[in-house]
Amino acid sequence: MRALFRKVVGNPPMPDQDPCSSGPVRERGERPGGNASFCCGDSKPSRVETPFHDRFVDGMVDTPAGPVPRARVTIGARDVLGRWSMRWGMGRNRYRVAPGLYAVGDPDQLSGILVTANYKMTFDALRRELTGLNVWILVLDTRGVNVWCAAGKGTFGTEEVVRRVKAAMLEEVVSHRRLILPQLGGPGVSAHQVTKGCGFQVVYGPVHARDIKAFLAAGMRATPRMRQVLFPLRERLALAPVELVGLFKPAGWLSLVLFLLAGIGPGFFSIGAAWHRGLAAAEVLAGGILGGAVLTPVLLPWLPGRAFSAKGALAGGILAVCSAALYRDALGAFHALALLLALPVISSFVAMNFTGATPFTSPSGVEKEMRQALPVQAALTALAGIFWVGGAFLR
Amino acid sequence: MEGFRYLDGVASLRFSEAACTGCGMCEQVCPHRVFAVARGKARILDKDLCMECGSCATNCPAGAISVRPGVGCATAIMKGWLSGSEEKT
(Lines give C-alpha, C1' and ligand atoms only; values in the text may rest on other atoms or scores of the structure.)
Protein backbone atom coordinates (compact mmCIF):
# COMPACT_ATOMS: atom_id res chain seq x y z
CA MET A 1 0.00 0.00 0.00
CA ARG A 2 2.83 2.34 0.85
CA ALA A 3 4.69 1.39 -2.24
CA LEU A 4 3.33 4.20 -4.37
CA PHE A 5 6.07 5.62 -6.57
CA ARG A 6 8.65 3.43 -4.93
CA LYS A 7 10.02 2.85 -8.37
CA VAL A 8 10.98 6.47 -8.82
CA VAL A 9 14.72 6.34 -8.48
CA GLY A 10 16.81 9.20 -7.19
CA ASN A 11 13.94 11.20 -5.74
CA PRO A 12 13.19 11.76 -2.07
CA PRO A 13 10.84 9.25 -0.46
CA MET A 14 7.44 9.92 -1.85
CA PRO A 15 4.47 9.70 0.42
CA ASP A 16 1.14 8.59 -0.83
CA GLN A 17 -0.27 11.66 -2.53
CA ASP A 18 -3.69 10.21 -2.48
CA PRO A 19 -4.55 8.19 0.62
CA CYS A 20 -7.97 7.20 -0.62
CA SER A 21 -6.68 5.44 -3.68
CA SER A 22 -3.74 3.55 -2.28
CA GLY A 23 -4.01 -0.12 -3.06
CA PRO A 24 -6.19 -1.50 -5.77
CA VAL A 25 -9.10 0.65 -6.82
CA ARG A 26 -12.30 -0.72 -5.37
CA GLU A 27 -14.56 -2.81 -7.46
CA ARG A 28 -17.17 -0.70 -9.13
CA GLY A 29 -20.34 -1.52 -10.97
CA GLU A 30 -20.26 -1.34 -14.72
CA ARG A 31 -22.73 1.01 -16.28
CA PRO A 32 -26.03 -0.83 -16.73
CA GLY A 33 -26.22 -2.19 -20.21
CA GLY A 34 -22.52 -1.61 -20.71
CA ASN A 35 -20.71 -4.20 -22.75
CA ALA A 36 -17.24 -3.66 -21.42
CA SER A 37 -16.31 -7.20 -22.33
CA PHE A 38 -17.35 -6.74 -25.94
CA CYS A 39 -15.05 -3.87 -26.68
CA CYS A 40 -11.37 -3.15 -26.46
CA GLY A 41 -9.44 -3.47 -23.21
CA ASP A 42 -9.97 -5.66 -20.19
CA SER A 43 -11.78 -4.41 -17.15
CA LYS A 44 -9.33 -4.97 -14.33
CA PRO A 45 -8.81 -1.92 -12.13
CA SER A 46 -5.42 -0.28 -12.55
CA ARG A 47 -2.73 -0.64 -9.96
CA VAL A 48 -1.62 2.53 -8.26
CA GLU A 49 1.96 1.76 -9.10
CA THR A 50 2.97 1.39 -12.72
CA PRO A 51 6.33 0.63 -14.27
CA PHE A 52 6.19 3.83 -16.32
CA HIS A 53 6.40 6.30 -13.46
CA ASP A 54 10.13 6.76 -13.34
CA ARG A 55 10.10 7.65 -17.02
CA PHE A 56 7.82 10.64 -16.87
CA VAL A 57 7.84 11.83 -13.25
CA ASP A 58 10.64 14.31 -12.55
CA GLY A 59 9.96 15.33 -8.98
CA MET A 60 7.22 16.33 -6.59
CA VAL A 61 5.18 19.47 -6.14
CA ASP A 62 3.94 20.45 -2.70
CA THR A 63 0.26 21.13 -2.25
CA PRO A 64 -1.99 21.71 0.77
CA ALA A 65 -3.15 18.14 0.20
CA GLY A 66 0.39 16.71 0.15
CA PRO A 67 3.06 16.22 -2.52
CA VAL A 68 1.97 15.48 -6.06
CA PRO A 69 4.21 13.93 -8.74
CA ARG A 70 5.22 16.22 -11.55
CA ALA A 71 4.96 14.84 -15.07
CA ARG A 72 7.44 15.77 -17.77
CA VAL A 73 6.10 17.32 -20.95
CA THR A 74 8.78 15.73 -23.09
CA ILE A 75 8.27 12.45 -24.87
CA GLY A 76 11.21 10.09 -24.83
CA ALA A 77 12.31 7.27 -27.11
CA ARG A 78 10.61 4.80 -24.79
CA ASP A 79 7.29 6.62 -25.11
CA VAL A 80 7.56 6.52 -28.89
CA LEU A 81 8.45 2.84 -28.78
CA GLY A 82 5.51 2.25 -26.46
CA ARG A 83 3.15 4.03 -28.84
CA TRP A 84 4.34 1.91 -31.75
CA SER A 85 3.88 -1.25 -29.71
CA MET A 86 0.29 -0.17 -29.04
CA ARG A 87 -0.29 0.56 -32.71
CA TRP A 88 0.66 -3.05 -33.38
CA GLY A 89 -1.51 -4.34 -30.58
CA MET A 90 1.26 -5.46 -28.25
CA GLY A 91 0.52 -5.32 -24.53
CA ARG A 92 -2.36 -2.87 -24.82
CA ASN A 93 -4.04 -3.91 -21.58
CA ARG A 94 -0.94 -3.22 -19.54
CA TYR A 95 -0.08 0.21 -20.95
CA ARG A 96 -1.38 2.21 -18.03
CA VAL A 97 -0.56 5.17 -15.83
CA ALA A 98 -1.38 5.16 -12.13
CA PRO A 99 -4.61 7.12 -11.61
CA GLY A 100 -4.54 10.25 -9.46
CA LEU A 101 -3.34 13.83 -9.55
CA TYR A 102 -0.23 15.00 -11.39
CA ALA A 103 1.38 18.40 -11.77
CA VAL A 104 2.72 19.91 -14.98
CA GLY A 105 5.17 22.80 -14.61
CA ASP A 106 4.55 24.78 -11.45
CA PRO A 107 0.81 24.83 -10.88
CA ASP A 108 -0.84 26.65 -7.99
CA GLN A 109 -4.31 27.13 -6.52
CA LEU A 110 -5.54 28.98 -9.59
CA SER A 111 -4.21 26.55 -12.19
CA GLY A 112 -6.57 24.62 -14.41
CA ILE A 113 -7.29 20.92 -13.95
CA LEU A 114 -7.23 18.72 -17.04
CA VAL A 115 -8.98 15.40 -16.63
CA THR A 116 -7.81 12.43 -18.68
CA ALA A 117 -7.74 8.64 -18.99
CA ASN A 118 -5.03 6.33 -17.67
CA TYR A 119 -4.17 4.73 -21.02
CA LYS A 120 -0.55 5.74 -21.29
CA MET A 121 -0.82 6.68 -24.96
CA THR A 122 -3.63 9.08 -23.99
CA PHE A 123 -1.64 10.48 -21.06
CA ASP A 124 1.38 11.01 -23.34
CA ALA A 125 -0.73 12.67 -26.02
CA LEU A 126 -1.90 15.14 -23.39
CA ARG A 127 1.34 15.92 -21.53
CA ARG A 128 3.35 16.45 -24.70
CA GLU A 129 1.02 19.33 -25.58
CA LEU A 130 1.50 21.12 -22.26
CA THR A 131 4.95 22.65 -22.74
CA GLY A 132 5.21 25.93 -20.86
CA LEU A 133 1.90 25.51 -19.06
CA ASN A 134 1.32 25.21 -15.32
CA VAL A 135 -1.64 22.90 -14.89
CA TRP A 136 -2.91 19.90 -12.96
CA ILE A 137 -3.76 16.60 -14.59
CA LEU A 138 -6.33 14.40 -12.93
CA VAL A 139 -5.97 10.86 -14.28
CA LEU A 140 -9.08 8.68 -13.97
CA ASP A 141 -8.86 4.91 -13.76
CA THR A 142 -10.28 3.97 -17.13
CA ARG A 143 -8.51 0.61 -16.87
CA GLY A 144 -6.02 1.50 -19.53
CA VAL A 145 -8.61 2.53 -22.11
CA ASN A 146 -8.65 5.80 -24.06
CA VAL A 147 -11.08 8.60 -23.23
CA TRP A 148 -13.76 8.00 -25.87
CA CYS A 149 -13.97 4.22 -25.55
CA ALA A 150 -13.88 4.47 -21.76
CA ALA A 151 -16.65 7.08 -21.86
CA GLY A 152 -18.72 4.66 -23.94
CA LYS A 153 -18.19 1.98 -21.32
CA GLY A 154 -18.82 4.37 -18.44
CA THR A 155 -15.38 3.95 -16.85
CA PHE A 156 -14.56 7.51 -17.89
CA GLY A 157 -17.73 8.46 -16.09
CA THR A 158 -19.50 10.72 -13.64
CA GLU A 159 -18.87 8.47 -10.64
CA GLU A 160 -15.18 8.07 -11.37
CA VAL A 161 -14.71 11.84 -11.81
CA VAL A 162 -16.41 12.53 -8.48
CA ARG A 163 -14.46 9.78 -6.74
CA ARG A 164 -11.09 11.02 -8.07
CA VAL A 165 -11.82 14.66 -7.27
CA LYS A 166 -12.50 13.68 -3.67
CA ALA A 167 -9.60 11.22 -3.43
CA ALA A 168 -7.13 13.83 -4.70
CA MET A 169 -8.61 16.38 -2.27
CA LEU A 170 -8.87 18.90 -5.09
CA GLU A 171 -10.92 21.22 -2.89
CA GLU A 172 -7.72 21.82 -0.94
CA VAL A 173 -5.36 21.82 -3.89
CA VAL A 174 -7.13 24.55 -5.87
CA SER A 175 -9.26 27.53 -4.94
CA HIS A 176 -11.47 27.43 -8.05
CA ARG A 177 -14.11 24.80 -8.75
CA ARG A 178 -13.65 23.93 -12.40
CA LEU A 179 -12.57 20.78 -14.24
CA ILE A 180 -11.60 20.71 -17.88
CA LEU A 181 -12.70 17.45 -19.46
CA PRO A 182 -11.91 16.25 -22.95
CA GLN A 183 -15.03 16.68 -25.09
CA LEU A 184 -15.04 12.99 -25.96
CA GLY A 185 -15.46 12.13 -22.29
CA GLY A 186 -19.01 13.43 -22.68
CA PRO A 187 -20.79 10.11 -23.35
CA GLY A 188 -19.77 8.85 -19.89
CA VAL A 189 -19.85 12.06 -17.89
CA SER A 190 -22.89 14.06 -17.00
CA ALA A 191 -21.57 17.56 -16.34
CA HIS A 192 -24.45 18.62 -14.09
CA GLN A 193 -24.25 15.37 -12.09
CA VAL A 194 -20.53 15.95 -11.46
CA THR A 195 -21.33 19.39 -10.06
CA LYS A 196 -23.97 17.83 -7.86
CA GLY A 197 -21.57 15.11 -6.73
CA CYS A 198 -18.46 17.12 -5.87
CA GLY A 199 -19.17 20.80 -6.39
CA PHE A 200 -16.86 21.11 -9.38
CA GLN A 201 -18.13 22.52 -12.63
CA VAL A 202 -17.31 20.69 -15.85
CA VAL A 203 -16.00 22.59 -18.84
CA TYR A 204 -15.63 20.53 -21.99
CA GLY A 205 -12.35 21.20 -23.73
CA PRO A 206 -11.40 20.37 -27.30
CA VAL A 207 -11.49 16.91 -28.87
CA HIS A 208 -7.74 16.85 -29.46
CA ALA A 209 -5.03 17.53 -26.88
CA ARG A 210 -3.17 19.51 -29.56
CA ASP A 211 -5.84 22.25 -29.26
CA ILE A 212 -5.55 22.60 -25.46
CA LYS A 213 -3.21 25.58 -25.58
CA ALA A 214 -5.38 27.52 -27.99
CA PHE A 215 -8.44 26.58 -25.94
CA LEU A 216 -6.90 27.89 -22.70
CA ALA A 217 -5.53 30.99 -24.39
CA ALA A 218 -9.01 31.82 -25.69
CA GLY A 219 -10.39 31.78 -22.13
CA MET A 220 -11.56 28.16 -22.30
CA ARG A 221 -13.48 28.58 -25.49
CA ALA A 222 -13.35 25.96 -28.22
CA THR A 223 -13.88 26.86 -31.84
CA PRO A 224 -16.41 24.72 -33.77
CA ARG A 225 -13.41 23.20 -35.52
CA MET A 226 -11.95 21.99 -32.21
CA ARG A 227 -15.24 20.33 -31.38
CA GLN A 228 -15.59 18.32 -34.54
CA VAL A 229 -14.36 14.78 -35.05
CA LEU A 230 -12.98 14.12 -38.50
CA PHE A 231 -11.29 10.98 -39.70
CA PRO A 232 -8.30 11.97 -41.83
CA LEU A 233 -6.08 9.51 -43.69
CA ARG A 234 -3.43 9.71 -40.98
CA GLU A 235 -5.89 8.44 -38.36
CA ARG A 236 -7.34 5.78 -40.66
CA LEU A 237 -3.86 4.46 -41.44
CA ALA A 238 -2.82 4.44 -37.78
CA LEU A 239 -5.57 1.88 -37.15
CA ALA A 240 -4.57 -0.52 -39.90
CA PRO A 241 -1.76 -2.37 -38.04
CA VAL A 242 -3.82 -3.16 -34.97
CA GLU A 243 -6.71 -4.29 -37.18
CA LEU A 244 -4.39 -6.64 -39.05
CA VAL A 245 -2.87 -8.02 -35.86
CA GLY A 246 -6.34 -8.62 -34.46
CA LEU A 247 -7.29 -10.61 -37.56
CA PHE A 248 -4.15 -12.69 -37.51
CA LYS A 249 -5.41 -15.35 -35.13
CA PRO A 250 -8.87 -15.99 -36.63
CA ALA A 251 -7.27 -15.96 -40.09
CA GLY A 252 -4.78 -18.60 -38.95
CA TRP A 253 -7.52 -20.94 -37.80
CA LEU A 254 -9.52 -20.33 -40.94
CA SER A 255 -6.44 -21.10 -43.06
CA LEU A 256 -6.09 -24.43 -41.29
CA VAL A 257 -9.65 -25.32 -42.28
CA LEU A 258 -8.95 -24.15 -45.83
CA PHE A 259 -5.87 -26.39 -46.09
CA LEU A 260 -7.96 -29.37 -44.97
CA LEU A 261 -10.73 -28.59 -47.44
CA ALA A 262 -8.17 -28.05 -50.17
CA GLY A 263 -7.09 -31.68 -50.04
CA ILE A 264 -10.53 -32.94 -50.98
CA GLY A 265 -10.68 -34.04 -54.59
CA PRO A 266 -11.28 -36.97 -56.97
CA GLY A 267 -8.71 -39.07 -55.08
CA PHE A 268 -10.57 -38.52 -51.78
CA PHE A 269 -7.73 -36.57 -50.14
CA SER A 270 -4.43 -35.43 -51.56
CA ILE A 271 -1.63 -33.94 -49.50
CA GLY A 272 -0.22 -32.23 -52.57
CA ALA A 273 -3.55 -30.63 -53.41
CA ALA A 274 -4.03 -29.62 -49.79
CA TRP A 275 -0.77 -27.71 -50.00
CA HIS A 276 -1.17 -26.10 -53.42
CA ARG A 277 -4.88 -25.33 -53.32
CA GLY A 278 -4.69 -24.48 -49.62
CA LEU A 279 -1.95 -21.96 -50.26
CA ALA A 280 -4.00 -20.36 -53.01
CA ALA A 281 -7.03 -20.17 -50.71
CA ALA A 282 -4.94 -18.65 -47.91
CA GLU A 283 -3.70 -16.06 -50.38
CA VAL A 284 -7.28 -15.18 -51.25
CA LEU A 285 -8.03 -14.86 -47.54
CA ALA A 286 -5.01 -12.59 -47.06
CA GLY A 287 -6.10 -10.54 -50.07
CA GLY A 288 -9.57 -10.14 -48.60
CA ILE A 289 -8.16 -9.02 -45.26
CA LEU A 290 -5.89 -6.56 -47.04
CA GLY A 291 -8.90 -5.22 -48.95
CA GLY A 292 -11.07 -4.84 -45.87
CA ALA A 293 -8.57 -3.73 -43.24
CA VAL A 294 -6.18 -1.60 -45.29
CA LEU A 295 -7.52 -0.68 -48.72
CA THR A 296 -11.04 0.16 -47.49
CA PRO A 297 -9.92 2.47 -44.65
CA VAL A 298 -7.43 4.22 -46.93
CA LEU A 299 -9.90 4.70 -49.77
CA LEU A 300 -12.86 5.31 -47.44
CA PRO A 301 -13.90 8.75 -48.72
CA TRP A 302 -13.57 7.74 -52.36
CA LEU A 303 -15.27 4.36 -52.32
CA PRO A 304 -18.89 4.98 -53.31
CA GLY A 305 -21.78 4.08 -51.05
CA ARG A 306 -22.33 4.47 -47.32
CA ALA A 307 -22.38 0.87 -46.14
CA PHE A 308 -18.96 -0.45 -45.15
CA SER A 309 -19.86 -3.88 -46.52
CA ALA A 310 -20.37 -2.31 -49.96
CA LYS A 311 -17.17 -0.27 -49.77
CA GLY A 312 -15.27 -3.37 -48.66
CA ALA A 313 -16.76 -5.50 -51.43
CA LEU A 314 -15.68 -2.95 -54.00
CA ALA A 315 -12.14 -2.68 -52.62
CA GLY A 316 -11.95 -6.48 -52.55
CA GLY A 317 -13.45 -6.63 -56.02
CA ILE A 318 -10.65 -4.50 -57.40
CA LEU A 319 -8.07 -6.83 -55.83
CA ALA A 320 -9.97 -9.90 -57.07
CA VAL A 321 -10.12 -8.73 -60.66
CA CYS A 322 -6.41 -7.88 -60.59
CA SER A 323 -5.52 -11.30 -59.13
CA ALA A 324 -7.77 -13.13 -61.59
CA ALA A 325 -6.12 -11.29 -64.47
CA LEU A 326 -2.67 -12.04 -63.08
CA TYR A 327 -3.31 -15.77 -62.68
CA ARG A 328 -5.69 -16.22 -65.61
CA ASP A 329 -3.60 -19.00 -67.15
CA ALA A 330 -3.40 -21.02 -63.93
CA LEU A 331 -7.04 -20.65 -62.93
CA GLY A 332 -9.84 -22.76 -64.31
CA ALA A 333 -13.26 -21.17 -64.77
CA PHE A 334 -14.53 -22.56 -61.46
CA HIS A 335 -11.51 -21.41 -59.53
CA ALA A 336 -11.68 -17.98 -61.12
CA LEU A 337 -15.33 -17.70 -60.08
CA ALA A 338 -14.46 -18.81 -56.56
CA LEU A 339 -11.73 -16.18 -56.39
CA LEU A 340 -13.96 -13.42 -57.78
CA LEU A 341 -16.61 -14.23 -55.18
CA ALA A 342 -14.53 -15.06 -52.12
CA LEU A 343 -12.09 -12.19 -52.07
CA PRO A 344 -14.70 -9.41 -52.21
CA VAL A 345 -16.85 -11.20 -49.61
CA ILE A 346 -13.98 -11.50 -47.15
CA SER A 347 -13.04 -7.89 -47.76
CA SER A 348 -16.67 -6.88 -47.28
CA PHE A 349 -16.92 -8.68 -43.95
CA VAL A 350 -13.62 -7.31 -42.66
CA ALA A 351 -14.57 -3.79 -43.76
CA MET A 352 -17.88 -4.10 -41.94
CA ASN A 353 -15.96 -4.85 -38.77
CA PHE A 354 -13.93 -1.70 -39.30
CA THR A 355 -17.07 0.26 -38.32
CA GLY A 356 -16.04 -0.24 -34.70
CA ALA A 357 -12.87 1.74 -35.29
CA THR A 358 -14.49 4.69 -37.03
CA PRO A 359 -15.73 7.79 -35.23
CA PHE A 360 -18.95 8.27 -37.16
CA THR A 361 -20.93 5.02 -37.43
CA SER A 362 -24.02 4.65 -35.25
CA PRO A 363 -24.96 1.32 -33.66
CA SER A 364 -28.42 1.55 -35.24
CA GLY A 365 -26.80 1.96 -38.64
CA VAL A 366 -24.31 -0.86 -38.15
CA GLU A 367 -27.06 -3.20 -37.01
CA LYS A 368 -29.18 -2.34 -40.03
CA GLU A 369 -26.24 -2.85 -42.36
CA MET A 370 -25.38 -6.18 -40.78
CA ARG A 371 -28.91 -7.52 -41.03
CA GLN A 372 -28.78 -6.87 -44.75
CA ALA A 373 -25.18 -7.76 -45.48
CA LEU A 374 -24.58 -10.89 -43.41
CA PRO A 375 -27.04 -13.17 -45.27
CA VAL A 376 -25.63 -12.03 -48.63
CA GLN A 377 -22.07 -12.55 -47.41
CA ALA A 378 -22.93 -16.00 -46.10
CA ALA A 379 -24.65 -17.05 -49.34
CA LEU A 380 -21.78 -15.82 -51.52
CA THR A 381 -19.25 -17.56 -49.27
CA ALA A 382 -21.12 -20.82 -49.67
CA LEU A 383 -21.27 -20.34 -53.43
CA ALA A 384 -17.54 -19.57 -53.58
CA GLY A 385 -16.90 -22.70 -51.54
CA ILE A 386 -18.93 -24.84 -53.94
CA PHE A 387 -17.05 -23.48 -56.94
CA TRP A 388 -13.73 -23.97 -55.20
CA VAL A 389 -14.24 -27.53 -53.97
CA GLY A 390 -16.18 -28.40 -57.14
CA GLY A 391 -13.30 -27.07 -59.20
CA ALA A 392 -11.07 -29.81 -57.81
CA PHE A 393 -13.32 -32.49 -59.36
CA LEU A 394 -13.79 -30.79 -62.69
CA ARG A 395 -10.27 -30.04 -63.73
CA MET B 1 -11.49 14.91 -46.40
CA GLU B 2 -14.28 16.29 -44.27
CA GLY B 3 -17.68 15.03 -43.30
CA PHE B 4 -18.05 11.28 -43.48
CA ARG B 5 -21.66 10.19 -43.50
CA TYR B 6 -23.09 6.84 -42.58
CA LEU B 7 -26.56 5.43 -43.22
CA ASP B 8 -29.47 7.88 -43.31
CA GLY B 9 -32.68 7.62 -41.34
CA VAL B 10 -31.50 5.22 -38.65
CA ALA B 11 -30.39 7.39 -35.71
CA SER B 12 -32.46 6.92 -32.55
CA LEU B 13 -31.92 10.55 -31.53
CA ARG B 14 -35.03 12.30 -30.13
CA PHE B 15 -35.22 15.93 -29.08
CA SER B 16 -37.97 17.75 -27.24
CA GLU B 17 -37.92 21.44 -28.03
CA ALA B 18 -40.48 22.14 -25.31
CA ALA B 19 -38.16 20.80 -22.59
CA CYS B 20 -35.04 22.52 -23.97
CA THR B 21 -33.66 25.39 -21.92
CA GLY B 22 -31.12 26.45 -24.54
CA CYS B 23 -28.09 25.89 -22.28
CA GLY B 24 -26.00 24.78 -25.23
CA MET B 25 -24.39 21.69 -23.71
CA CYS B 26 -25.52 19.50 -26.61
CA GLU B 27 -23.88 21.82 -29.10
CA GLN B 28 -20.66 21.69 -27.07
CA VAL B 29 -20.37 17.96 -26.60
CA CYS B 30 -21.58 16.67 -29.98
CA PRO B 31 -18.60 15.55 -32.06
CA HIS B 32 -20.55 15.86 -35.31
CA ARG B 33 -22.27 19.25 -35.05
CA VAL B 34 -25.73 17.74 -34.94
CA PHE B 35 -27.07 20.54 -32.72
CA ALA B 36 -27.07 24.32 -32.93
CA VAL B 37 -28.52 26.73 -30.40
CA ALA B 38 -30.24 29.89 -31.52
CA ARG B 39 -32.68 32.21 -29.74
CA GLY B 40 -32.73 30.19 -26.54
CA LYS B 41 -33.48 26.82 -28.11
CA ALA B 42 -31.40 24.01 -29.49
CA ARG B 43 -32.27 22.53 -32.83
CA ILE B 44 -31.18 19.45 -34.74
CA LEU B 45 -29.26 20.54 -37.82
CA ASP B 46 -28.61 17.14 -39.34
CA LYS B 47 -29.89 14.05 -37.57
CA ASP B 48 -28.23 11.67 -40.02
CA LEU B 49 -24.81 12.76 -38.77
CA CYS B 50 -25.63 11.36 -35.32
CA MET B 51 -23.45 8.41 -34.31
CA GLU B 52 -25.46 7.74 -31.14
CA CYS B 53 -22.56 8.25 -28.74
CA GLY B 54 -25.07 9.55 -26.19
CA SER B 55 -23.02 12.52 -25.06
CA CYS B 56 -25.79 15.07 -25.67
CA ALA B 57 -28.41 13.12 -23.74
CA THR B 58 -26.06 12.42 -20.82
CA ASN B 59 -25.17 16.10 -20.58
CA CYS B 60 -28.61 17.64 -21.11
CA PRO B 61 -29.65 18.99 -17.70
CA ALA B 62 -33.23 19.42 -18.91
CA GLY B 63 -33.57 15.83 -20.08
CA ALA B 64 -34.73 17.07 -23.46
CA ILE B 65 -32.69 14.60 -25.48
CA SER B 66 -32.91 10.86 -25.71
CA VAL B 67 -30.84 8.47 -27.76
CA ARG B 68 -30.15 4.76 -27.62
CA PRO B 69 -26.42 5.07 -27.07
CA GLY B 70 -23.75 2.62 -28.06
CA VAL B 71 -20.70 1.86 -30.10
CA GLY B 72 -21.30 1.39 -33.80
CA CYS B 73 -19.17 -1.70 -33.98
CA ALA B 74 -20.07 -4.79 -35.97
CA THR B 75 -17.94 -7.08 -33.80
CA ALA B 76 -19.61 -5.88 -30.60
CA ILE B 77 -23.09 -6.26 -32.12
CA MET B 78 -22.32 -9.78 -33.34
CA LYS B 79 -21.01 -10.78 -29.93
CA GLY B 80 -24.16 -9.30 -28.45
CA TRP B 81 -26.30 -11.40 -30.79
CA LEU B 82 -24.34 -14.54 -30.03
CA SER B 83 -24.58 -14.06 -26.29
CA GLY B 84 -28.30 -13.44 -26.64
CA SER B 85 -28.06 -9.99 -25.18
CA GLU B 86 -30.53 -7.46 -26.52
CA GLU B 87 -28.63 -4.52 -25.14
CA LYS B 88 -25.95 -2.82 -27.12
CA THR B 89 -23.56 -0.26 -25.86
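Helix axes are lines fitted to C-alpha atoms over the stretch in contact, and the angles between their N-to-C directions run from 0 to 180 degrees. The structure is a predicted model, in which local features need pLDDT of at least 70 and side-chain atom pairs count only at pLDDT 80 or more, whereas totals for chains, interfaces and linings use all residues. Residues are numbered from 1 along each chain as its sequence is written, and chains are lettered from A and ligands numbered from 1 in the order in which they are written.

Helices are DSSP runs (H or I, at least four residues) numbered from the N terminus.

The buried residues of helix 12 of chain A (20 or more other C-beta atoms within 10 Å of their own, with C-beta atoms placed from the backbone) include Phe308(A), Leu314(A) and Leu319(A). These buried residues pack against helix 11 (271-299), helix 13 (333-353) and helix 14 (363-393) of chain A, a contact being two C-beta atoms, placed from the backbone, within 7 Å.

The axes of helix 12 and helix 13 of chain A come within 7 Å and cross at roughly 145 degrees. Among the contacting residues are Phe308(A) and Ala320(A) of helix 12 and Leu339(A) and Ile346(A) of helix 13.

The contact between the chains takes 41 residues from chain A and 39 residues from chain B. Helix 14 of chain A gives the most to the chain A side, with eight residues.

How values were computed:
A residue is buried if 20 or more other C-beta atoms lie within 10 Å of its own, exposed if 12 or fewer, and partly exposed in between; C-beta atoms are placed from the backbone. Helices (H or I, at least four residues) and strands (E, at least two) are DSSP runs, numbered from the N terminus.
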